[in-house]
Amino acid sequence: MFTGIVEELGEITAVENLGDSSRFRLRGPLVTEDARHGDSIAVNGVCLTVVETADGEFTADVMAETLNRSSLGALAVGSRVNLERPMALGGRLGGHLVQGHVDGTGTIVAREPSEHWEVVRVALPAELSRYVVEKGSITVDGVSLTVVEAGDDYFTISLIPTTLALTTLGVKQPGDPVNLEVDVLAKYVERLLGTQHGNPARTDTGTGTGTDKETVK
């Protein structure tokens, strides 16, 4: 479980194509200082399993499902990525509860700079928009953010200088894809309400992408 508070801006240093999967090597001295084989690290909001670590870098295997359903498939050597270790029990929940299981990808469609922040508009799949509400939480490329405006096929977020400087959202441009994870509580509520009213709730929004320990959700 993560909180959506990015700890480090890392970098892809190698990509090995394994046919039905890829192995990424990523530089992240902070997140690897206490990482061991089998630990989890969120990469642009996708929970991946550490294979090995050395010299401030770690490797992780990424399944074809994850590559196809998230923006990780577009990463190449030199790409910058948001990195976060799982929250420790007893730690501060600085953002919101984030699973690292991406629900889908959105696309940045506009940026409106202001003196001290930027408002960013993100297009999202229609099947995810019902989980997004004004002043609710959403994870964009692993960053916990508050929704400013929620439309039928888009939402807006305000990015403060710290977020602009310390995450990939500071350099993403219109047309760039971003990983989206909606608030899991909204999906549970929908499921429970559908069961109470005798209607099976839809549960097909999750892609199953996330930790490569996972089974498809």
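The protein averages a pLDDT of 88, and 89% of the residues score at least 70; pLDDT is the predictor's confidence in each residue, from 0 to 100. This is a predicted model, so local features need pLDDT of at least 70 and side-chain atom pairs count only at pLDDT 80 or more, while totals for chains, interfaces and linings use all residues. Residues are numbered from 1 along each chain as its sequence is written, and side-chain values use heavy atoms, with hydrogens and water left out. The secondary structure comes to 5 helices and 12 strands, where helices (H or I, at least four residues) and strands (E, at least two) are DSSP runs numbered from the N terminus.

**Overall picture**

- Of the 217 residues in the protein, 46% are buried; buried means under 20% relative accessible area, exposed means over 50%, and partly exposed lies in between, using a 1.4 Å probe and protein chains only.
- Among contacts with a separation of 6 or more, 71% link residues 24 or more positions apart; a contact means heavy atoms within 4.5 Å.
- Please take care with residues 211-217, where pLDDT stays under 50 and the model has 26 contacts beyond four places in sequence.
- Where pLDDT is low, the predicted coordinates should not be read in detail.

**The barrel of E1 to E6**

- Six strands form a closed barrel in the order E1-E2-E5-E4-E3-E6, with antiparallel pairing; two strands pair if DSSP finds at least two bridges between them.
- Neighbouring strands of this sheet are turned by 45° against each other on average, direction ignored; the axes are lines fitted to C-alpha atoms, for helices over the stretch in contact, and angles run from 0 to 180 degrees between N-to-C directions.
- Strand E2 (residues 21-27) pairs with strand E5 (residues 57-63) in the antiparallel sense over 7 bridges, and Val62 in E5 is the bridge partner of Ser22.
- Ala54 belongs to strand E4 (residues 46-54) and is partly exposed, with a relative accessible area of 39%.
- Although Ala54 and Arg27 are 27 residues apart in sequence, their C-alpha atoms are 9.5 Å apart in space.

**The barrel of E7 to E12**

- Another closed barrel of 6 strands runs E7-E8-E11-E10-E9-E12, again with antiparallel pairing.
- In this sheet, neighbouring strands are turned by 45° against each other on average, direction ignored.
- Strand E7 (residues 104-113) pairs with strand E8 (residues 118-123) in the antiparallel sense over 6 bridges, and Pro113 stands opposite Glu118 in E8.
- E9 and E10 pair in the antiparallel sense over 4 bridges, with Val140 opposite Val143 in E10.
- The hairpin of E9 and E10 has 2 residues between the strands, and Asp141 takes a positive phi near 50° there.
- E10 and E11 form a hairpin with 3 residues between them and pair in the antiparallel sense over 3 bridges; here Val147 stands opposite Ile157 in E11.

**Nonpolar cores**

- In soluble globular proteins, nonpolar side chains tend to be buried together.
- The largest nonpolar core has 20 residues, of which Val140, Phe155 and Ile157 touch the most other members; a nonpolar core is a set of buried Ala, Val, Leu, Ile, Met, Phe, Trp, Tyr and Cys residues joined through side-chain atoms within 4.5 Å.
- At least two residues of this core come from each of E8, strand E9 (137-140), E10, strand E11 (154-159) and strand E12 (177-182).
- Apart from this core lies another, of 19 residues, among them Phe24, Ile41, Val62 and Val102.
- Beyond four places in sequence, Ile157 touches Glu118, Val119, Val120, Val122, Val140, Leu145, Thr146 and Val148.

**Two buried polar residues to look up**

- Ser144 is found in strand E10 (residues 143-150) and counts as buried because its relative accessible area is 17%.
- The side chains of Ser144 and His96 are joined by a polar contact of 2.7 Å; a polar contact is a pair of N or O atoms within 3.5 Å, and within protein one must be able to donate a hydrogen and the other to accept it, while residues adjacent in sequence count only if both atoms are side-chain atoms.
- Leaving aside residues up to four places away in sequence, Ser144 touches Thr3, Gly4, Gly95, His96 and Ile138.
- Thr156 sits in strand E11 and is buried, with a relative accessible area of 6%.
- Not counting residues up to four places away in sequence, Thr156 touches residues including Val119, Val120, Arg121 and Thr146.
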